[in-house]
Amino acid sequence: MPLDTSPSSSPSLPALSALPVPALNTQPNLTHPDDFYEALIDMHRDCDEAQSQAVNARLILLLANHIGDQAVLLEAMRQARLGAEPGRFPAHD
């Protein structure tokens with residue numbers, strides 16, 4: 001898949017025009033969101049910054065493996081990146 005080399009694009013993400021529109025569910029889908037959030041915070045308890053980043057990376061890779069669909073994962077990455085840019089908010093379906 002060709003990469004978009006324009007200055008405004010991320011160097012590691014394929015050009016948006018090269019991607020099919022995947023079925024990424026961005027609607028609330030957690031049966032117990034507060035419990036999940038509490039468990040996510042607890043997962044980081046007593047971790048220093050490096051350990052916390054390693055735990056996050058491992059969780060991301062485990063969930064990506066579980067999802068398995070490259071197009072869905074790339075769309076999630078795109079939306080996560082948009083949400084991290086100043087003045088931008090991720091789109092919701």
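1. The model is a predicted one, in which local features need pLDDT of at least 70 and side-chain atom pairs count only at pLDDT 80 or more, while totals for chains, interfaces and linings use all residues. Residues are numbered from 1 along each chain as its sequence is written, and side-chain values use heavy atoms, with hydrogens and water left out.

2. Two salt bridges are present, the term standing for a side-chain nitrogen of Lys or Arg within 4 Å of a carboxyl oxygen of Asp or Glu. One joins R45 to D42, with 2.3 Å between the closest N and O atoms; D42 is partly exposed at a relative accessible area of 35%, where buried means under 20%, exposed over 50%, and partly exposed in between (1.4 Å probe, protein chains only).

3. The other pairs R78 with E75, their closest N and O atoms lying 2.7 Å apart. Both residues belong to helix 3 (residues 70-84), and because they are three residues apart there, about one helical turn separates them. E75 is buried, its relative accessible area being 12%. Helices here are DSSP runs (H or I, at least four residues), numbered from the N terminus.

4. Helix 3 has 15 residues, which at 1.5 Å a residue should span 21 Å, and this agrees with the 21 Å between its end C-alpha atoms; the expected span is 1.5 Å times one less than the number of residues.

5. The buried residues of helix 3 are V72, L73, L74, E75, Q79 and L82, and they pack against helix 2 (49-67), contact meaning heavy atoms within 4.5 Å.

Key
Helix = DSSP H or I, 4+ residues; strand = E, 2+ residues; numbered from the N terminus.
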